[in-house]
Amino acid sequence: MSSVHKGAFDSVRDWSHRLAPPWISQVLGRHKRLTLATLFLLALLLPLRADSYQVHILGYIGLFAMMGVGLNVVVGFAGLLDLGYVAFFAIGAYTYALLASPQFGLHIPFWFVIPVAVAIAALAGVLLGIPVLRMRGDYLAIVTLGFGEIIRLVLNNLDPVTRGPQGLSSIDRPSIPLISFTLDTPIHFYYLILIACVLSMFIAGRLENSRVGRAWVAMREDEDAAAAMGVDLIKYKLLAFAIGASFAGFGGVIFAARQGSIFPADFTLMVSINVLALVIIGGMGSIPGVVVGAIILVGLPEVLRDIQQFRMLVFGALLVAMMIFRPEGFISAARQRSEVQRIRELGSVKTTS
Amino acid sequence: MRQTTRSSTSPIKVTLERTLRGMQLDLWAQQAINGLTLGSIYALVALGYTMVYGVLQMINFAHGEVFMVGSYAGFFTLTALFAAGFGQSNLILTLIIVFLVAMVVGGILAVGLERVAYRPLRRAPRLAPLISAIGASIFLQNAVLVIFGPRLQVYPYVFPAGGVSLGNVSITYIRVFIIFLSLAFMLGLHVFVRRTSIGKAMRAVAEDKDTAALMGIDVDRTIATTFLVGGALAGAAGVMVGMYYTQINHMIGFVPGLKAFTAAVLGGIGNVPGAMVGGLFLGLIEAFSAQAIPAVYKDVVAFGLLVLVLIIRPTGILGEVIGKK
Amino acid sequence: MAILEAKGVTKRFGGLLAVDAVDFQIDERMIAGLIGPNGAGKTTFFNIVTGVHRPDSGSISFCDRTIKNLKPHRITELGIGRTFQNIRLFASMTALENVLVGQHCRLRSGVVGAIVRDMSTQNEERYAWRRAEELLEFVGLQEKQDFLAKNLPYGDQRRLEIARALATRPKLLLLDEPTAGMNPQETRELTEFIRRLKTELGLSILLIEHDMKLVMGVCDRVTVLDYGVKIAEGTPTEMQRNPRVIEAYLGRTASSQPGVGHGAS
């Protein structure tokens with residue numbers, strides 16, 4: 001009786017793990033800290049060898065990685081397929097743009113807007129979450145998609161507030177108060193994004209290995225059994241939506257500050273699909289995987305500008321191909337090994353501390 | 001107060017009011033016709049969603065693109081026939097050819113999609129075919145973009161201007177044509193699903209694939225047939241939209257696709273008559289809401305309705321027929 | 001004294017009367033059996049007690065508290081743990097993680113605690129891990145704590161499910177066909193194990209079972225359902241001799257064999 005509704009998302013993480021080559025998860029599993037440290041150092045030094053356009057792209061990758069980490073909470077951990085994720089990104093961006101631009105003559109400092117925008121995005125996440133609580137997986141996908149479109153349409157048409165398709169411009173650059181330093185070059189924003197990214201990953205990682213994260217995964221695996229273990233399904237679903245949304249809202253604020261002007265066209269369904277795709281390509285549930293996914297999906301097409309025209313074409317075909325040609329068997333064993341490894345590490349930390 | 005107003009009303013004012021009220025009524029009637037036209041197109045596309053959902057319990061996300069490609073196929077056929085001078089002299093034959101081509105292209109494309117993007121994933125977790133469908137949708141959109149470019153293609157005018165008069169309401173020929181042709185297709189489909197052995201096989205597969213296979217039904221072929229029929233209807237709908245709005249591009253599949261899906265959900269997904277009712281209903285709601293709220297929000301109305309229905313009555317107006325397990 | 005008391009519990013699915021005015025009670029430190037042919041309404045009764053289904057009428061109280069309209073997670077919190085007829089572990093979590101999830105309602109740390117990892121969260125986690133290891137040891141799975149649940153052999157999965165249910169710290173444990181699919185050796189071990197649950201942990205246990213040897217071996221009292229109606233209740237030996245019970249089982253074996261399961265159970 002459970003097989004049908006259970007079949008919706010339960011084995012998603014497991015199955016997406018099979019997509020990643022085995023050695024990646026093995027290496028990541030064994031030398032997790034070293035890998036992360038190396039990646040971070042690389043990310044820190046990278047812009048020094050890049051021109052300003054490339055740094056801009058790197059920042060873009062970072063923003064998408066951040067959103068990926070947030071969506072991963074919703075889709076990867078909690079198993080709720082959200083196709084309207086861009087809405088929260090838009091909410092964050094427009095919150096900052098409205099509070100810190102000539103539009104209403106408000107110039108609230110960037111650092112104050114962040115918590116406000118994050119809270120508004122989280123609230124929007126809950127508001128989206130409430131009606132879809134009892135929906136099955138694919139209905140959920142369509143309704144969230146509809147939600148994303150509604151937000152975009154409203155932004156596009158609510159001219160007195162958002163100025164419609166013309167968008168909002170002359171958005172304030174963030175400045176650091178005491179030393180009166182204003183962030184205005186791609187490099188500045190790159191480092192801001194890097195900090196936000198690391199923070200997001202840290203939070204997501206901590207959540208994953210906690211009572212909250214376990215409740216999410218349990219819910220993804222089997223809702224009824226999770227409820228029988230005392231997991232409040234409503235609370236944890238809404239929590240997943242809220243936390244996922246707040247990451248996107250945070251990213252949106254940075255995006256608005258960085259771009260200086262934003263338009264409804266920045267927030268199309270394709271952004272949601274891109275974020276979802278990078279979460280899947282990276283191996284759902286894996287945070288370094290999200291970074292790799294962001295580099296592949298956002299970075300590569302920008303580098304290969306010549307194929308720009310074919311970019312989306314290839315992207316679409318890639319999505320289909322990825323779903324079909326997943327190597328079976330031996331990689332799922334690799335996942336199991338890395339899982340055991342992860343637990344051992346944790347276990348030894350616990351017993352020694 | 002009220003009485004004085006009434007007593008002081010001049011005969012001229014009364015006539016004026018009546019005319020205004022008449023116009024108002026005509027306006028509503030006009031919107032009803034618009035709604036029915038749009039609604040029948042939604043219904044045709046919705047049928048594809050609902051039938052596929054019935055047999056596979058998956059949302060064929062790329063169905064809107066089948067509709068779009070069908071519209072292109074119709075456009076090229078129609079343009080070619082007119083360019084050859086054939087269209088002007090043999091209107092009826094031209095229409096038949098155009099619809100046939102679009103339906104064949106739509107049907108074959110849908111079957112191809114099933115074969116390439118969905119069949120290998122039939123036993124995979126449910127997210128897999130959905131993402132595969134999103135991928136296929138992006139692929140088709142951009143394939144059309146790359147091949148034909150981003151510019152709008154303009155459908156040649158097929159129907160003469162003017163229309164049928166019903167009292168004060170005039171219905172253009174194209175609308176009459178769309179409404180009647182859609183009804184004919186729906187009736188045909190209904191008979192097909194209810195009466196033919198392939199239709200019965202479809203219903204059996206929708207109930208239970210494994211048992212159907214045990215009963216000697218070729219499940220793969222039945223599913224392919226479902227896609228064929230759904231794709232053909234979407235192709236026909238594509239031509240109708242082309243003729244109705246006269247302009248098409250590679251993006252026209254997305255929003256109508258979503259709305260048709262909404263219609264399918266409204267009618268209870270998996271429910272064939274439900275999709276028809278849902279389509280007409282959505283078309284009417286959209287047309288009437290245009291009277292009350294700015295037209296730019298008509299898509300918001302459709303999506304809002306979708307969310308609302310799923311919250312209040314997740315099984316649709318007529319109830320979900322298949323996939324109830 | 002009664003720990004769980006159900007009065008006139010009725011549940012209908014469309015036209016099907018799945019549970020019909022059932023009175024039932026179970027005392028502290030008691031093992032009760034719920035038996036009956038397929039489709040008799042046993043699992044539906046379980047689902048009503050655990051809050052999965054809401055009864056159409058009747059009352060249920062647990063420890064003198066009415067639980068009729070509570071959600072499943074609240075009922076678990078109050079102290080009713082359960083297993084499922086068709087094992088429902090968290091397949092891609094390890095054995096240990098499964099048991100950790102079982103402790104969910106006994107732990108307190110939330111989002112902030114998870115992110116900050118303050119002292120109380122750390123202590124709580126350490127405690128939860130230790131307890132999970134103990135529980136796995138109690139069911140004999142200490143060697144397999146890092147195995148993914150889906151990779152465990154069938155008998156281990158059954159035991160893991162019990163360990164997970166025990167992790168919720170139940171006062172009353174509901175076991176839905178715990179020996180389904182087990183060989184005689186495993187069934188014997190399980191019988192012994194269920195007895196230990198009562199003697200060592202002082203639990204009340206309600207079990208649905210088809211294996212009469214197990215029912216006879218451990219149950220203090222047996223309740224028999226047929227077509228949603230309670231047709232008999234008493235000691236296992238009494239039930240064995242009760243003509244109505246014999247009729248319910250034998251009278252329908254011929255017809256119930258081909259179409260296994262009416263779906264209501």
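**View 1. The two domains of chain C have C-alpha centres 27 Å apart.** Chain C splits into domain 1 (1-79 + 170-265) and domain 2 (93-169), with bounds from an automatic or database domain assignment. Where they touch, domain 1 of chain C brings 10 residues and domain 2 of chain C brings eight; contact here means C-beta atoms, placed from the backbone, within 7 Å. On the domain 1 side, helix H2 (residues 72-78) of chain C gives the most, with three residues. That side holds four nonpolar, four polar and two charged residues.

This is a predicted model: local features need pLDDT of at least 70, side-chain atom pairs count only at pLDDT 80 or more, and totals for chains, interfaces and linings use all residues. Residues are numbered from 1 along each chain as its sequence is written, and chains are lettered from A in the order in which they are written.

**View 2. Here chain A meets chain B, with 35 residues of chain A in contact with 34 of chain B.** Helices H2 (12-17), H8 (137-157), H14 (269-281) and H16 (308-324) of chain A each supply at least two residues to the chain A side. The largest share, 12 residues, comes from H8(A). The chain A side divides into 26 nonpolar, seven polar and two charged residues.

**View 3. Tyr96(A), Ala240(A) and Ala236(B) touch the most other members of the largest nonpolar core, which has 289 residues.** Such a core joins buried nonpolar residues (20 or more other C-beta atoms within 10 Å) through C-beta atoms within 7 Å. Helix H2 (residues 11-56) of chain B gives the most to this core, 16 residues. Both domains of chain C give residues too, so the core lies between them.

Note on methods. Two residues are in contact if their C-beta atoms, placed from the backbone, lie within 7 Å. Helices (H or I, at least four residues) and strands (E, at least two) are DSSP runs, numbered from the N terminus. Ala, Val, Leu, Ile, Met, Phe, Trp, Tyr, Cys and Pro count as nonpolar, Asp, Glu, Lys and Arg as charged, and the others, Gly among them, as polar. A residue is buried if 20 or more other C-beta atoms lie within 10 Å of its own, exposed if 12 or fewer, and partly exposed in between; C-beta atoms are placed from the backbone.
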